[in-house]
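Please examine the sequence and the structure shown below before reading the questions.

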Amino acid sequence: MDRFDEISAFAAVADARSFTQGARRLGVSSAQVSKLVARLENRLGARLLNRTTRDVSLTDTGRAYLERARNLLEDFEALEGSVRDQSGPKGLLKISAPVSFGATQLTPALLDFAAAYPEVSLDVSATDRMVNLVEEGFDVGVRIGQLADSSVIARKLAAVRMVTCAAPAYLQAAGMPATPQDLSKHEAILDNNMRDPTAWTYGGQNESFEVRVQGRLKFGGADACVAAARRGLGITRTPAFAAADDLRAGRLTPLLCAYEAQLIHVHAVYPHARHLAAKVRAFVDFLAERYAGEPEWHQGWGEAHPVG
């Protein structure tokens, strides 16, 4: 087991490119990780890592060793996991989720999952930052929009319409935009979480176009943008789940629905592994069943649009 601890420490440091971050992943001290890696290098008679004050990188020998070592670690984890999972999902499940979707939609599902699986403990982190699941020690993440990380497995959970909306009081004072191009005459409320907050895209999958908007209010999240729109401070464009309650209650009015043909999607993502832990499988299956069919956030307001 001493050798296994050495290999685990080396792999954690190599993946994180940091002794501190590698130690945090393993739940031990940096000094302990440094000792284990040094012991491994001494036993092998080879330097596996290049160390500088700013970075840690693999040597050529270390890169070749890591590839074989990772297979060994995955085999060992699969062996232990197959035994643990015989009694069903259990243990700590670390989840990363976006802030707005987590608050409005995911939390009720998490509570129901916790009630259904009492032997699974949940540790949920809400952030709109794109986390690295492996380096930061997450078992599963919930992500919305385009997936750029090819190192994870993704399962589509639900479709999300974008909705342009404003308060009735604002529209009464400023007028109703008839086409997306009319938005240039209006005060836009911008979401800095969007790739380009000032470029709002309309149209279908095959034909789309951008409209440039401007406004004095910029927020780092959908909830704040919706709250500002509810106050009559302008027009915002946001995922439907963030505005659904206000749209159903009439506090916000949906605009330009005929131009909102594009969809984004909610995915559950998790790292590649030879053995998928029962707790992860159970959670992903639970969410897939929870969000099957027409999402709740598309119902009760506006025009009906098919989703996929």
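This is a predicted model: local features need pLDDT of at least 70, side-chain atom pairs count only at pLDDT 80 or more; totals for chains, interfaces and linings use all residues.

Residues are numbered from 1 along each chain as its sequence is written, and side-chain values use heavy atoms, with hydrogens and water left out.

Q: How many disulfides does the model contain?
A: A disulfide is counted when two cysteine sulfur atoms lie within 2.5 Å. The closest cysteine sulfur to that of C225 belongs to C165 and is 9.7 Å away, which is too far for a bond. C257 is in no disulfide either, as the nearest cysteine sulfur, that of C165, is 9.6 Å away. The count of disulfides is therefore zero.

Q: Is C257 buried or exposed?
A: Relative accessible area decides this: buried means under 20%, exposed over 50%, and partly exposed in between (1.4 Å probe, protein chains only). The relative accessibility of C257 is 9%, so C257 counts as buried.

Q: Which strand does β13 join through nine bridges?
A: Strands (E, at least two residues) and helices (H or I, at least four) are DSSP runs numbered from the N terminus, and two strands pair if DSSP finds at least two bridges between them. Strand β13 covers residues 263-271 and pairs with β5 (residues 140-144) in the antiparallel sense over four bridges. The strand that runs antiparallel to β13 with nine bridges, spanning residues 152-166, is β6.

Q: With which side chain does the side chain of S100 make a polar contact?
A: S100 is in helix α5 (residues 99-116) and is buried, with a relative accessible area of 8%. A polar contact is a pair of N or O atoms within 3.5 Å; within protein, one must be able to donate a hydrogen and the other to accept it, and residues adjacent in sequence count only if both atoms are side-chain atoms. At 2.8 Å, the partner of the S100 side chain is the side chain of D223.
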